[in-house]
Amino acid sequence: MHLQEIYYSEPVYRPPSEAGSLLIQVTEGCTYRCSFCFANMKKFKIRELADIKQDMDSARKIYGADVRKMFFLDGNAMVIPYSKLLELTNYAMSLFPKLNRIGTYAHAKDILAKTDEELKSLCNSGLKIVYIGIESGNNEQLAKAGKRVTADEIIAAFHKCFRSGITPSGTIILGLTGNDNKQAEQHILDPEGLAYEHIVDTADLVNRASPVHVIEEGSLPVWYISCLALMFPEGSDVARDAQSGKFIPQTSNGILREMKLLIENISDDVKNCVFRSNHASNYLPLKGRLSRDREKILSDIDQGIKHPENVRPEFLRGL
Ligand SMILES: C[S@@+](CC[C@H](N)C(=O)[O-])C[C@H]1O[C@@H](n2cnc3c(N)ncnc32)[C@H](O)[C@@H]1O
Ligand code: SF4
């Protein structure tokens with residue numbers, strides 16, 4: 001490995017599906033400060049174009065011209081102004097002509113800040129997938145998490161991506177509301193509780209974000225929804241609240257019940273959607289197309305609920 005020749009600002013984080021991608025540090029940190037997030041601990045900066053290009057040049061020397069996937073770090077690299085982002089995607093394509101896709105994390109508002117034409121042009125120059133944090137479809141929970149976006153804005157960002165040809169991949173945080181179950185039986189999600197509301201509203205967001213609302217039936221694109229289970233990164237607000245007892249973490253059983261409720265409430269209109277819970281934070285790694293594999297996913301979750309000894313143990317979960 002010659003990683004020392006390419007600059008990285010540690011810690012580096014990327015989606016599980018970008019495991020084989022060439023990672024290029026284009027920003028550091030994030031312009032937002034969500035209460036749960038590990039990405040906002042660094043001071044935000046957009047790196048100099050010349051430095052980023054130099055890293056791509058080094059990568060070309062190290063890995064050759066056959067790189068197929070590239071991922072732009074860090075937390076919300078999509079915040080970079082359009083012309084600079086375009087210069088970077090074009091430069092990447094010129095160095096690596098076999099690049100199938102460039103991906104990046106994007107806050108929904110970073111998408112909304114760009115015009116449809118700009119997004120189309122970025123897509124044409126290689127930006128094919130953006131990872132958008134949904135976290136919750138419940139506006140109160142979004143506000144509480146400091147997300148500075150509403151459910152309607154997240155949906156608008158998904159629709160904008162579909163119209164431009166960029167694939168959106170959304171992440172949902174199970175356990176975001178903690179364990180507010182006031183019932184004696186701790187293994188039932190309280191229908192009056194915050195967790196229940198969080199999940200039902202999140203399913204509603206997924207239903208409304210579906211491309212069926214903006215793209216013709218014959219050309220519906222594939223898109224992605226992933227679940228993560230809330231983690232408590234050191235230094236984050238949620239970690240502090242959990243330590244002080246202000247926030248009671250959801251149980252592993254409650255997390256699986258939230259995932260089950262979510263899948264049950266996603267409508268059949270959600271077409272071509274790949275569902276995943278393959279992030280290391282999850283108790284049960286699952287993958288399938290919602291419209292085709294719903295029953296199998298639900299039965300796997302049921303197995304996890306019935307046999308807690310088979311779910312991923314706490315010490316193997318991680319960011
Ligand atoms: C690095 S963030 C980038 C997302 C993008 N900036 C946005 O806000 O839309 C990727 C995702 O990791 C997830 N994440 C971050 N901190 C987490 C935590 N403590 N526990 C579980 N998931 C977390 C959230 O779903 C978040 O959207
Ligand atoms: S979730 Fe996204 S927007 Fe929020 S702090 Fe993390 S990286 Fe930034």
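Here's a walk through some of the salt bridges in this structure. It's a predicted model, where local features need pLDDT of at least 70, side-chain atom pairs count only at pLDDT 80 or more, and totals for chains, interfaces and linings use all residues. Residues are numbered from 1 along each chain as its sequence is written, chains are lettered from A and ligands numbered from 1 in the order in which they are written, and side-chain values use heavy atoms, leaving out hydrogens and water.

A salt bridge here is a side-chain nitrogen of Lys or Arg within 4 Å of a carboxyl oxygen of Asp or Glu, and the structure holds 17 of them.

Take Lys42 and Asp74, whose side chains meet in a salt bridge at 2.9 Å, N to O. Lys42 sits in the loop between strand E2 (27–28) and strand E3 (45–46), while Asp74 is in the loop between strand E4 (69–73) and helix H2 (82–95), so this pair ties together parts that are 32 residues apart in sequence. (Helices, H or I, are DSSP runs of at least four residues and strands, E, of at least two, numbered from the N terminus.)

Are these two buried or exposed? Buried means under 20% relative accessible area, exposed over 50%, and partly exposed in between, using a 1.4 Å probe and protein chains only. Lys42, at 15%, counts as buried, and so does Asp74, at 1%.

Asp55 and Arg47 form a salt bridge too, with their closest N and O atoms 2.9 Å apart. Asp55 is buried at 5%, and Arg47 is buried at 7%.

Now look at helix H7 (residues 194–209), where Arg208 and Asp204 lie 4 residues apart, about one turn of the helix. Their salt bridge has its closest N and O atoms 3.2 Å apart. Arg208 is partly exposed at 35%, and Asp204 is partly exposed at 35%.
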